[in-house]
Amino acid sequence: MAVPFADLQLQYQTIKDEVDAAIAAVIRDSAFIRGPYVEAFERDFANAAGVKHCVSCANGTDALYLAMAALKVRPGDEVITTAHSWISTSAMITHAGANVVFCDTDGTTFTIDPAAVEAAITPRTVGIVPVHLYGQPADMEAIMAIARKHGLWVIEDCAQAHLAQFKGQPIGTFGNAATYSFYPGKNLGAMGDAGAVVTDDAALAEHIAMLARHGGLVKHQHQIEGINSRLDGMQAAILSAKLRHLTAWTRARQHAAVFYDTALNQIEDVEVPQVAPGRTHVYHLYTIRHPRREALAAYLKANGVQTAINYPTALPLLPAYARLKHRPEHFPKAYRDQNRILSLPLFAEITNDQQQLVVDLIRSF
Ligand SMILES: *Cc1c(COP(=O)(O)O)cnc(C)c1O
């Protein structure tokens, strides 16, 4: 591939000494499960995210489950989320014990439409899970206003949006808690699975930590029935090493996005990502809309450019939600996007030459 979708090996080469030293230290200390490296990363990440508490866990999916389980959702409770996300968001609402209620996106930013949220509220609604999809914050001002008005909790799914901001305030600091994924391909990625819940609420953080560690923070003292969802020491040490580069990597992603924006804006049929005023996009994904998406993706692939479709089917239309009997016309914006979106290669180390090749190919297409 002349231009891969992402290049984790290249990223590793730029910080090889730091990552190798981090792994060696964990092995030297046999600090495999919890221990000083995990505690250090929790402190480091809480600082970076602008929150008081970070509870690490096994992955971003568990983070969503743990946060909602700690908020004690009950059978019959309704939790509102977006029609356009990765399935973890909605599946964990179900696994935490609530009924998932989907809302359409706003048609421009790929994030949940606050007007649709307001319209979906019933007496059984208990919470909202907005997703800062592709790295652009959802409209947290409108969402928090709705939550306050109706007495709902909010959990922000920040899996794709490390360091993004809404009107200068870090995402993940608006709701009751926020969840992160450190899956290898995310903007801050481990070398395996990893995740975290962050919050300013000390009691909630403690409850989440208990749930993640067999229901107790002291060995053999199980206060509740929990699960086993731990971040391991090696991933924590790798993440602490990589976290020191996250601001620079985020800037590099934003520069690469400006390069694409400027060049692709000139090309008919290409709709570049729209960023709403006051929102700082961190470009986990650079996703365009194109009326002949399949043909364009095939043409790019034939010419050595890897692309991705995130996601080919809106969540409510997946077989997993057949029980809800949703139809495309219930989610016209998410449905329109599912057939037009295409994510282009974008990573911190991408070169201008690689980006120019992508642009030239799209133009010749
Ligand atoms: C990646 C992702 C998750 C899940 O994270 P894992 O670490 O893969 O479990 C949840 N929500 C969104 C929006 C994601 O992109």
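In what follows, Ala, Val, Leu, Ile, Met, Phe, Trp, Tyr, Cys and Pro count as nonpolar, Asp, Glu, Lys and Arg as charged, and the others, Gly among them, as polar. The model is predicted, so local features need pLDDT of at least 70 and side-chain atom pairs count only at pLDDT 80 or more, while totals for chains, interfaces and linings use all residues. Residues are numbered from 1 along each chain as its sequence is written, and side-chain values use heavy atoms, with hydrogens and water left out.

A cavity is a set of points, on a 1 Å grid over the protein atoms alone, where a 1.4 Å probe fits but cannot get out; a pocket is an open set with protein on both sides within 12 Å along at least five of seven lines; lining residues have an atom within 4 Å of a point. Grid points are joined across faces, edges and corners, and a volume is the space filled by probe spheres set on the points. The count comes to 1 cavity of 30 Å³ or more.

| Space | Volume | Lining by class |
|---|---|---|
| Largest pocket | About 780 Å³ | 21 nonpolar, 16 polar, 7 charged residues |
| Largest cavity | About 60 Å³ | 5 nonpolar, 6 polar, no charged residues |

Of the 44 residues that line the largest pocket, Tyr183, Pro184, Gly185, Lys186 and His284 lie nearest its centre. Elements giving two or more residues to this lining are α1 (8–14), α4 (60–70), α5 (88–96), β8 (177–181) and α10 (246–264); helices (H or I, at least four residues) and strands (E, at least two) are DSSP runs, numbered from the N terminus. The most comes from α10, with 4 residues. The largest pocket lies between domain 1 (8–243) and domain 2 (246–364), because both give residues to its lining; the domain bounds come from an automatic or database domain assignment.

The lining of the largest cavity includes Thr108, Phe110, Tyr134, Pro273 and His281. Both domains contribute to this lining too, so the largest cavity lies between them.

Phe110 has a positive phi, near 70°, and is found in the loop between β3 (99–103) and α6 (114–120). Asn310 and Tyr311 are joined by a cis peptide bond, with omega about 15°. Tyr311 is in the loop between α11 (293–302) and α12 (332–338). Most residues other than glycine have a negative phi, and most peptide bonds are trans.
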